[in-house]
Amino acid sequence: MKRRLCNYALALAACVVAVVAANVLFDKPDPAAQFLERKSHDKQEIIGLFKSRAQMATTEVKLRRMGIYDSETNFATINPASWKLGRRACIMPVDITIKYGIDMSKLHEGDIRLDSSTVRIRLPKPEVIDYDVVQRTDRREVVTMSGWLRDEVGEQTMQAIKNKVVAQVLADSTLFNSLSTEVRNNTQSLFRSMLLQMGLKSVFTY
Amino acid sequence: MPLLGSVVRLLCLLALVYFVVRWIDANEAEELEVKDTPVVIESIKPIGQLYAYSAITEDFAIDNVEKVGFFSKKYYKAVQTLRMKVSYVLNLDSVEYVRKENSDTVVVKLPELRYTQSSQGGNFLCEVEMANYDAAKAISIVEQKVRSKYDSPENRKKAMTNVRNVLSAFVNQCGLTPVFVNK
């Protein structure tokens, strides 16, 4: 009798230990606190320093891409990180404005030549000059779903989805190539109009 | 006594389930993957803007957010970060070039520079996911902070000096001499 009671007491103690251990061991880190802590020490990256530029934006493209995240597609038996109890999904539009153009600092000596009243310009390759992501989320356009014991889809996940989509769009060479002719034409038009006002004609090469 | 045994066994089982659930839930290393979807181009328009003076910066705003649980409300600290490109931009369509007759001198009439800032990404950091929290207010605070920090008369002056240098180099390469005046 005494021994049985002793066993029960031990089992109950094991339960308490398991619950406490689960809380201590698997306590989620607080990313906000971690960020503020890092911010007070991290001086490695130098940002906020103004630099003189000569970037000419000649084409503005507004685009939209759907950000679709579905946790279920990630399930992998060998990866415990994907063993989630339930599905989590979010579909949201991501609006980006990209400005393409040329970097005039890449115009070297000899790239601009004057032949009587005609200026011959060898233009550098078009590139992304600036981009602007609509950071505020219009919740009416977002569809979210989260299953049993999964975190809800909130601002944290939505902004992470946006960052991923933006990185994908900027790395999309097909998109860039399809726009490069337009960007070149607009760059030429801009230079042509500037030079015309100066009483000069223009010829462009690449 | 058999009842006590059953209760203890049930508690042991619940503790085990709780342990496993917490362990699985703590595995937040789950990589957030976004599916490949087509890009929809909504508009393309020609512009003429000279980015003369730019910086990439990052700033943040702190907010206390409230989450209502089963038994109580809990407050969490949340941080909204934004990475921004701040620039002084010259609208090239508004620049006038007037060439003096029988001369290599061009009078370049420059408009005011425009301060712009573009959001290049951000993160919302909080211990828990907030489904009902709208970060719009925190984003506005960060944008305002960045603007007040970088949009200054000194920076504007330096930007204008660089605009003149860039345009001067270009006009000189075209065989002309620029004279700058404010519009």
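Modeller: Strands β1(A) and β1(B) run antiparallel and are joined by 12 bridges. Within this pairing, Q55(A) stands opposite Y51(B), a residue of β1(B). The model is a predicted one. The contact as a whole draws 89 residues from chain A and 79 residues from chain B. On the side of chain A that touches chain B, β1(A) gives the largest share, 19 residues. Other elements of chain A that each supply at least two residues to that side include α1 (2-25), α2 (31-41), α3 (155-170) and α4 (173-197). By type, the residues on this side of chain A are 49 nonpolar, 20 polar and 20 charged.

Helix α2(B) covers residues 136-150; at 1.5 Å a residue its 15 residues should span 21 Å, and the end C-alpha atoms are 21 Å apart, so the two agree. Its buried residues are A138(B), I139(B), V142(B), V146(B) and Y150(B). Because they cover an arc of only 105° around the axis, they lie on the same side of α2(B). An α-helix has 3.6 residues a turn, so residues three or four places apart point the same way. The face of α2(B) turned away from the buried side carries the exposed residues K137(B), Q144(B) and S148(B).

Elsewhere in chain B, L13(B) belongs to helix α1 (residues 2-26). L13(B) counts as exposed because 11 other C-beta atoms lie within 10 Å, and the cut-off for exposed is 12 or fewer.

Definitions and conventions: Residues are numbered from 1 along each chain as its sequence is written. Chains are lettered from A and ligands numbered from 1 in the order in which they are written. This is a predicted model: local features need pLDDT of at least 70, side-chain atom pairs count only at pLDDT 80 or more; totals for chains, interfaces and linings use all residues. Helices (H or I, at least four residues) and strands (E, at least two) are DSSP runs, numbered from the N terminus. The expected span of a helix is 1.5 Å times one less than its number of residues. A residue is buried if 20 or more other C-beta atoms lie within 10 Å of its own, exposed if 12 or fewer, and partly exposed in between; C-beta atoms are placed from the backbone. The arc is that of the directions from the helix axis to the C-beta atoms. Two residues are in contact if their C-beta atoms, placed from the backbone, lie within 7 Å. Ala, Val, Leu, Ile, Met, Phe, Trp, Tyr, Cys and Pro count as nonpolar, Asp, Glu, Lys and Arg as charged, and the others, Gly among them, as polar. Two strands pair if DSSP finds at least two bridges between them.
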